[in-house]
Amino acid sequence: MPEILHLRVGDVVELKKPHPCGANEWEILGLGVGVKLRCGGCGHIVRIPRARLERRVRNFLPRGPAGGAPGETIGGERS
């Protein structure tokens with residue numbers, strides 16, 4: 001069974017494939033049905049489905065601030 005990712009707004013993740021600008025670090029801007037991400041290199045903003053993001057995450061970089069709004073996690077329990 002795949003590991004459940006617990007993501008928060010403000011987290012920075014490294015994806016397996018780089019963006020066309022060459023960067024592979026993305027900041028999470030919003031969580032919902034899709035996840036809103038900003039490229040760490042060029043600032044391009046994209047939305048992708050949660051399942052696709054979970055498959056593409058290679059590593060977590062420094063975490064965002066603790067807390068956040070209720071329900072801003074992927075997997076696990078809602079606050």
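This is a predicted model: local features need pLDDT of at least 70, side-chain atom pairs count only at pLDDT 80 or more; totals for chains, interfaces and linings use all residues.
Student: Why is the pairing of E27 and R38 called a salt bridge?

Tutor: The side chains of E27 and R38 come to 3.2 Å, nitrogen to oxygen, and because a salt bridge requires a side-chain nitrogen of Lys or Arg within 4 Å of a carboxyl oxygen of Asp or Glu, the pair qualifies. E27 lies in strand β2 and R38 in strand β3, 11 residues apart, and the pair links distant parts of the chain. By this rule the count comes to 1 salt bridge.

Student: What makes E27 partly exposed, and what makes R38 partly exposed?

Tutor: Buried means under 20% and exposed means over 50%, with partly exposed in between; E27 has a relative accessible area of 29% and R38 one of 32%, so both values fall in the partly exposed range.

Student: Which residues have the most contacts inside the largest nonpolar core?

Tutor: They are V13, L37 and L53, in a core of 13 residues. Strands β1, β2 and β3 each supply at least two residues of this core, and β3 gives the most, with 3 residues. Beyond its neighbours within four places in sequence, L53 is in contact with L7, L15, V35, L37 and I48.

How values were computed
Residues are numbered from 1 along each chain as its sequence is written. Side-chain values use heavy atoms; hydrogens and water are left out. A nonpolar core is a set of buried Ala, Val, Leu, Ile, Met, Phe, Trp, Tyr and Cys residues joined through side-chain atoms within 4.5 Å. Buried means under 20% relative accessible area, exposed over 50%, partly exposed in between (1.4 Å probe, protein chains only). Helices (H or I, at least four residues) and strands (E, at least two) are DSSP runs, numbered from the N terminus. Contact means heavy atoms within 4.5 Å.
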